[in-house]
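Please look over the sequence and the structure shown here before reading the briefing that follows.

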Amino acid sequence: MDAEGQQPMLQKGPPSHRERHFTAGEVVRDVIMGVSDGLTVPFALAAGLSGASAPSSLVLTAGLAEVAAGAISMGLGGYLAAQSEADHYNREMKREQEEIITVPDTEAAEIGDIMAEYGLEPHEYGPVVEGLRRNPQAWLEFMMRFELGLEKPDPRRALQSALTIAISYVIGGLVPLLPYMFISTVQDAMFTSVGVTLLALLFFGYIKGRFTGNRPFLSALQTTIIGAVASAAAYGMAKAVQAR
């Protein structure tokens, strides 16, 4: 085939290829944490109080108090966890920056070691090492990501995590308490709460499985069983204490 008949292998790529990657993992993790605890803890509390024959008004009052306290506690925990991650990143970044300044040859050799793990030869990664040495900021970011495995955290992450977890907890916590707002008979309210919450747990577990890459139906079943066991344990304990 002559030169005119030859076609470069990389002349044309896929006509409309789009990268489809899920990038909101931290937000989804916070939502899952908040909703799962919000559905389970107030559900168990309401079942336990119902087992003790408490009136619907008392179950509702105690449940709302728990939702408020739980949302604050969970949100604060999320804030502290995200802030700790940011503090850890900053400490390691300062340490790595000092090493680049004081022992640059050692750090440059570590770049080669990292590249070698990917199967690159010295003559292949040599220009990359030299290029990074000429750009200290890029060098620092490279070492943080590939040597230490740390991603730069979003400075707004701590507050966003706190609000996401707290709001998710409130939304999940209100589901088992809704029947007690409209049904005055505690047993009827409890049975309605059980049905509504189990359906919510099934739905939430399915959605969680879709987002986390697990089997959705298995995730739905596991989430529902955990909630059901927790509420049954609380109800049974209340009944046992009441019978004494």
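**Salt bridges, cores and a surface patch**

Asp-154 and Arg-156 are joined in a salt bridge, their closest N and O atoms lying 3.5 Å apart; the term stands for a side-chain nitrogen of Lys or Arg within 4 Å of a carboxyl oxygen of Asp or Glu. The model is predicted, and local features need pLDDT of at least 70, side-chain atom pairs count only at pLDDT 80 or more, while totals for chains, interfaces and linings use all residues. Residues are numbered from 1 along each chain as its sequence is written, and side-chain values use heavy atoms, with hydrogens and water left out.

**Salt bridges**

- By the salt-bridge rule the count comes to five.
- Asp-154 counts as partly exposed at 33% relative accessibility, whereas Arg-156, at 55%, counts as exposed (buried means under 20% relative accessible area, exposed over 50%, and partly exposed in between, with a 1.4 Å probe and protein chains only).
- Arg-157 forms a salt bridge with Asp-30, with 2.8 Å between the closest N and O atoms, and this pair links distant parts of the chain, since Arg-157 lies in helix α6 and Asp-30 in helix α1 (residues 25-51), 127 residues apart.
- Arg-157 is buried at 6% relative accessibility, and Asp-30 is buried at 2%.
- Arg-95 and Glu-92 meet through their side chains in a salt bridge of 2.5 Å, N to O; both lie in helix α2, three residues apart, or about one turn of the helix.
- Arg-95 is partly exposed, with a relative accessible area of 41%, whereas Glu-92 is buried, at 18%.

**Nonpolar cores**

- The largest nonpolar core has 15 residues, of which Ile-111, Trp-139 and Phe-142 touch the most other members; such a core is a set of buried Ala, Val, Leu, Ile, Met, Phe, Trp, Tyr and Cys residues joined through side-chain atoms within 4.5 Å.
- Two or more residues of this core come from each of α2 (56-102), α3 (104-117), α4 (122-133) and α5 (136-147), and α5 gives the most, with five residues.
- A second, separate core of ten residues includes Ala-54, Leu-60, Val-67 and Met-190.

**Nonpolar surface patch**

- Leu-76, Tyr-79, Leu-80, Leu-159, Leu-163, Ile-167 and Ile-171 form a nonpolar patch on the surface, with about 690 Å² of accessible area together (Shrake-Rupley method, 1.4 Å probe, only the protein chains shown counting as cover for residues).
- Patch residues have over 30% relative accessible area and no salt bridge, with like charges joined within 9 Å and nonpolar side chains (Val, Leu, Ile, Met, Phe, Trp, Tyr) within 5 Å.
- Helix α6 (157-182) and α2 each supply at least two residues of the patch, and the largest share, four residues, comes from α6.
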